[in-house]
Amino acid sequence: MTRKLNKIPTHIAIIMDGNGRWATKRGLPRNFGHKEGVNAIERTILACLKYGIKYCTFFAFSTENWKRSKEEIDGIFNLLRDYLNKDDNIFIENQVKISSLGVLEPFPEDLKKSLYEMQEKTKSYNKLVVNFALNYGGRDDIVRAVNSLIEKGYTKVTEQDILTALDTKDIPEPDFVIRTSGEQRISNFLLYQMAYSELYFPSVLWPDFNERYFYKALKEFQKRNRRFGGIK
Ligand code: IPE
Ligand code: IPE
Ligand code: MG
């Protein structure tokens, strides 16, 4: 397999979809799919390091996902907790900075603590920045950004003002958005930031995502001609 890629996206954002279907297909409870999904996150982080991606954002829990059963939500929190607390985490080892988007306030205290601790431990790293979107909604992000500007005394805002008030203020807009499982929708992900992202909808279910699919996605990105409204 040739590894020659000319265009490497700076920021990849991923809507990790299909965990439930992956489990159901095997006659397993949905949370088994989420569990396997964590391994896919790990594989993807390693692939990002290998291909020199600078920012990777994972949509892990949306503002709409609170509609799911308590059992499923608790299961997702437990997986996240285990992932952040495990001894052999790949973040420190590979100088990966961890960050988050979304409103963490409703999450369990110990989970928030683990996340803050991991952020603190990795804050000086810059090989790759991994963002977890947790209790994140694109509309909520925009509303919070505008309200924060109002609080600062703004009575009128520019596009740039909003950009600098969003949860993503410190990172570039995503060049490439991948949604697995074949669904072709955005589901309230980075709405403002995705204005000019290239979108890609492979049919693979998230727990099956691996370096081969990642490479296939990068190959797809090579074909895209980004014009940003201009002519090339
Ligand atoms: C995505 O997989 C993970 C989260 C939303 C947390 P789903 O759980 O949505 O899986 P499907 O879409 O039901 O297969
Ligand atoms: C989007 O997936 C949210 C995450 C991946 C966290 P969903 O499975 O929740 O989206 P819908 O309901 O199919 O639009
Ligand atoms: Mg889904």
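Trainee: Which side chain does the side chain of Arg-224 make a polar contact with at 3.1 Å?

Mentor: That of Glu-198. A polar contact is a pair of N or O atoms within 3.5 Å; within protein, one must be able to donate a hydrogen and the other to accept it, and residues adjacent in sequence count only if both atoms are side-chain atoms. The side chain of Arg-224 also makes a polar contact with the side chain of Glu-220, at 2.9 Å.

Trainee: What kind of model is this?

Mentor: This is a predicted model, where local features need pLDDT of at least 70, side-chain atom pairs count only at pLDDT 80 or more, and totals for chains, interfaces and linings use all residues; side-chain values use heavy atoms, with hydrogens and water left out. Residues are numbered from 1 along each chain as its sequence is written, while chains are lettered from A and ligands numbered from 1 in the order in which they are written.

Trainee: Where is Arg-224 found?

Mentor: In the segment after helix H8, which spans 211-223. Helices here are DSSP runs of H or I with at least four residues, strands are runs of E with at least two, and both are numbered from the N terminus.

Trainee: Does Arg-224 count as buried or exposed?

Mentor: Arg-224 counts as buried because its relative accessibility is 18%. Buried means under 20% relative accessible area, exposed over 50%, and partly exposed in between, with a 1.4 Å probe and protein chains only.

Trainee: And Gly-27, where does that lie?

Mentor: In the loop between H1 and H2. Gly-27 has 67% relative accessibility, so it counts as exposed.

Trainee: On to the ligands. How many residues surround ligand 1?

Mentor: 13, and the closest are Met-16, Asp-17, Arg-21, Arg-30 and Arg-68. A residue is near a molecule or strand if one of its heavy atoms lies within 4 Å of it. By class, that shell has 3 nonpolar, 5 polar and 5 charged residues. Ala, Val, Leu, Ile, Met, Phe, Trp, Tyr, Cys and Pro count as nonpolar, Asp, Glu, Lys and Arg as charged, and the others, Gly among them, as polar.

Trainee: Which helices each supply at least two residues of that shell around ligand 1?

Mentor: H1 (19-25), H2 (30-51) and H3 (70-85). The largest share, 3 residues, comes from H1.

Trainee: What lies 2.7 Å from an oxygen atom of ligand 1?

Mentor: A polar side-chain atom of Arg-21. For Asp-17, a polar side-chain atom lies 2.8 Å from an oxygen atom of the ligand. The protein covers 86% of the 380 Å² of accessible area that ligand 1 has on its own, by the Shrake-Rupley method with a 1.4 Å probe; for residues, only the protein chains shown count as cover.

Trainee: Ligand 2 next. Which element gives the largest share of the shell around ligand 2?

Mentor: Strand S2, residues 55-62, with 4 residues. The shell of ligand 2 divides into 5 nonpolar, 3 polar and 4 charged residues.

Trainee: Which residue has a polar side-chain atom 2.6 Å from an oxygen atom of ligand 2?

Mentor: Ser-187. A polar side-chain atom of Asn-65 lies 2.9 Å from an oxygen atom of ligand 2. Taken alone, ligand 2 exposes 390 Å², and the protein buries 77% of that.
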